[in-house]
Number of protein chains: 2
Amino acid sequence: MAEELPAEFRLIARHFRPLAGPGALDLVDDAAVLAPPAGRELVIAADAMVAGVHFLPDDPPELIGRKLLRVNLSDLAAMGATPLGYLMTVATQATTPDAWFAAFAAGLAADQAEYGIHLLGGDTVATPGPVTLSLTILGHVAPGQAVRRAEAQAGDALWVTGTIGDGALGLRAARGEIADPDAWLAGRYRLPRPRIGLAISGIAAAAIDVSDGLVQDVGHLCRASGVGAEIAADRVPLSPAARAAGPAWLETCLTGGDDYELAIAVPPEREAALHAAAARAGVAVTRIGAFIAGPPRVAVLDADGTVLPLAREGWSHFRESPAG
Amino acid sequence: MAEELPAEFRLIARHFRPLAGPGALDLVDDAAVLAPPAGRELVIAADAMVAGVHFLPDDPPELIGRKLLRVNLSDLAAMGATPLGYLMTVATQATTPDAWFAAFAAGLAADQAEYGIHLLGGDTVATPGPVTLSLTILGHVAPGQAVRRAEAQAGDALWVTGTIGDGALGLRAARGEIADPDAWLAGRYRLPRPRIGLAISGIAAAAIDVSDGLVQDVGHLCRASGVGAEIAADRVPLSPAARAAGPAWLETCLTGGDDYELAIAVPPEREAALHAAAARAGVAVTRIGAFIAGPPRVAVLDADGTVLPLAREGWSHFRESPAG
């Protein structure tokens with residue numbers, strides 16, 4: 001009967017409406033209306049994050065919002081797409097303080113400005129469980145130009161952006177398990193830097209973002225493309241902080257995940273184009289191996305060419321069930 | 001190193017890949033690629049559901065998947081949009097049995113066939129908490145023809161589809177709190193019937209789907225449009241099962257939510273068009289009141305024209321926080 005909004009809708013009006021962009025209809029409607037850029041195809045992905053699984057429950061809410069957005073932007077980067085906007089569902093305890101939402105939204109606002117995108121819609125619900133976030137990101141590409149996973153060929157070189165392993169070491173650092181004097185590793189875990197802006201469309205034969213672990217994610221490229229891959233362990237770019245952690249952590253770097261760098265298959269004749277695109281974007285790229293004919297298997301080789309045995313190749317949320 | 005897929009990816013391949021449609025790239029890629037129908041605008045919405053909050057933890061998984069999809073389809077119905085596809089994130093316990101996923105996916109497959117849509121992408125993660133689902137639905141409309149909430153005018157009649165209150169009573173029935181001899185009410189709670197197919201674009205001045213409670217949702221229309229509304233309690237269509245529950249349950253019907261019917265503002269001169277559209281779609285529509293000039297307030301009137309006092313107008317997930 002009242003003119004007052006219920007608490008849930010005041011919360012949305014207070015914290016999320018300021019994030020809304022064109023098409024979101026001020027988050028007043030049941031859905032957003034969106035006219036994609038003329039002559040472009042849409043690229044759409046969705047990723048979820050759970051407190052205690054994908055981020056630490058006491059991580060600053062500003063960074064949780066930004067990580068959620070960036071994890072999804074990284075999927076667009078892997079497809080060579082330009083970000084357009086996002087929808088988000090947020091499940092929190094009914095008693096979550098207003099200040100948590102304010103900080104969470106402030107982080108999103110900062111990244112909206114950085115990546116030139118806006119909130120399009122979503123839902124805010126209560127859960128008796130951990131904070132659970134889901135985000136659907138929309139981007140666009142020229143028709144037929146999305147970079148796929150399935151088109152790597154034997155003879156393509158394997159490149160990665162940035163440095164590998166900081167995310168996995170950063171999780172250990174955030175938990176106090178390894179030294180991180182200047183908190184750089186923990187920062188890499190809490191705030192990934194998706195490689196939006198590296199224009200890989202037309203250069204990459206195939207690409208994937210490194211979220212579940214380098215070896216596993218390159219394995220996905222291999223399975224999708226029907227090729228094998230060899231990675232030279234000593235070529236994998238490590239940050240100074242990861243090098244300082246010591247060689248005992250190399251396997252964690254190779255398999256740990258949370259890097260949100262790109263692994264890219266590049267035909268040799270496009271290497272110069274890759275370097276030019278990387279220079280324009282200000283992103284380091286390093287050739288760490290090659291795709292080879294054969295079964296879809298990833299071999300990590302040491303400096304002698306010996307295959308390094310790995311206890312596991314990456315991250316899975318699920319144990320094998322009896323029917324597996 | 002292995003050619004084997006990790007358990008998480010086998011789970012996706014086994015249960016979700018068969019649901020994938022054109023553009024989903026077999027769920028192999030980081031994102032889906034989608035060319036919206038030529039000359040149409042996209043309509044996009046996202047809703048989340050949490051076990052124990054939006055559905056009962058022991059509800060059949062077939063029905064949980066279908067409810068998730070239908071709750072989102074209902075948002076498209078309120079905008080007058082045609083469904084196109086969806087992305088979904090699924091957070092379950094790591095030990096969730098394979099059979100749960102099989103049944104969940106079977107329910108989605110049934111509704112994909114019913115509504116002519118396909119899965120486009122998503123994410124599957126583990127949670128230590130309750131099953132938490134998020135779905136982003138995509139649809140399309142002719143440019144500028146999406147039905148909004150903000151354009152109801154004083155003098156428009158207020159119509160609803162179907163019957164109101166069955167969802168709220170169905171929740172009580174599913175919990176064993178009220179009699180439901182043929183399980184019809186519980187069925188309405190577990191499996192809503194979104195009014196996709198009722199072509200309200202060009203007929204409705206404004207519309208909303210009734211998810212949080214009739215009074216509250218009509219209140220949203222009023223606030224967005226800057227008008228008031230009067231609802232005649234004795235005109236609100238109740239199912240035989242809801243009538244059998246007795247007048248003590250009327251307030252629950254008016255405020256309880258989970259109906260997924262539409263509340264529609266229709267100018268008097270379009271009433272005949274509404275009836276024609278309803279007949280084509282096989283959907284009952286009932287005029288229950290009118291929008292009036294004045295503050296954005298919803299008054300529920302009894303047969304004498306007396307305002308019925310309501311303890312609450314609908315559902316909110318959040319208690320008011322101190323900053324509210």
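In which sense, left-handed or right-handed, does α2(B) pass α3(B)? I looked up this crossing and found it right-handed. I noted the rule: a crossing is left-handed if the near helix is turned anticlockwise from the far one by less than a right angle, and right-handed if clockwise.

**Entry 1: the model**

I recorded that this is a predicted model, in which local features need pLDDT of at least 70 and side-chain atom pairs count only at pLDDT 80 or more, while totals for chains, interfaces and linings use all residues. Residues are numbered from 1 along each chain as its sequence is written, and chains are lettered from A and ligands numbered from 1 in the order in which they are written.

**Entry 2: two helices of chain B**

I returned to helix α2 (residues 61–79) and helix α3 (residues 98–115) of chain B, whose axes lie 6 Å apart at an angle of about 40°. Helices (H or I, at least four residues) and strands (E, at least two) are DSSP runs, numbered from the N terminus. Axes are lines fitted to C-alpha atoms, for helices over the stretch in contact, and angles run from 0 to 180 degrees between N-to-C directions. α2(B) and α3(B) are therefore oblique to each other; angles under 35 degrees count as roughly parallel, over 145 as roughly antiparallel, 65 to 115 as roughly perpendicular and the rest as oblique.

I then listed residues of this contact, among them Leu69(B) and Leu73(B) of α2(B) and Trp100(B) and Phe104(B) of α3(B). Two residues are in contact if their C-beta atoms, placed from the backbone, lie within 7 Å. The contact of α2(B) with α3(B) comprises 13 nonpolar, 2 polar and 4 charged residues. Ala, Val, Leu, Ile, Met, Phe, Trp, Tyr, Cys and Pro count as nonpolar, Asp, Glu, Lys and Arg as charged, and the others, Gly among them, as polar.

**Entry 3: a sheet across both chains**

I traced an open sheet of 5 strands with mixed pairing, in the order β1(A)-β2(B)-β5(B)-β3(B)-β4(B). Two strands pair if DSSP finds at least two bridges between them. Each of β1 (32–34) of chain A and β4 (118–126) of chain B has a single partner strand, so one side of each edge strand is left without a neighbour in the sheet. From one strand to the next, the twist averages 20°. Within chain B, β3 (residues 82–92) and β5 (residues 132–141) run antiparallel and share 9 bridges; Leu87(B) is opposite Thr136(B).

**Entry 4: where the chains meet**

I found 79 residues of chain A in contact with 79 residues of chain B. On the chain A side, strand β2 (residues 41–50) gives the largest share, 9 residues. That side holds 46 nonpolar, 16 polar and 17 charged residues. β2(A) also pairs antiparallel with β1 (residues 32–34) of chain B over 3 bridges, and Leu42(A) faces Leu34(B) there.

**Entry 5: another set of strands in chain B**

I followed β8 (residues 228–232) of chain B to β10 (residues 285–292), its antiparallel partner over 4 bridges. Glu230(B) has Ala290(B) as its bridge partner. β8(B) is parallel to β11 (residues 298–301), again over 4 bridges, with Ile231(B) bridged to Val300(B).

**Entry 6: domains of chain A**

I noted domain 1 (39–141) and domain 2 (157–301) in chain A; the bounds come from an automatic or database domain assignment. Their C-alpha centres lie 23 Å apart. The contact takes 17 residues from domain 1 and 18 residues from domain 2. Helix α2 (residues 61–79) of chain A supplies the largest share of the domain 1 side, 11 residues.
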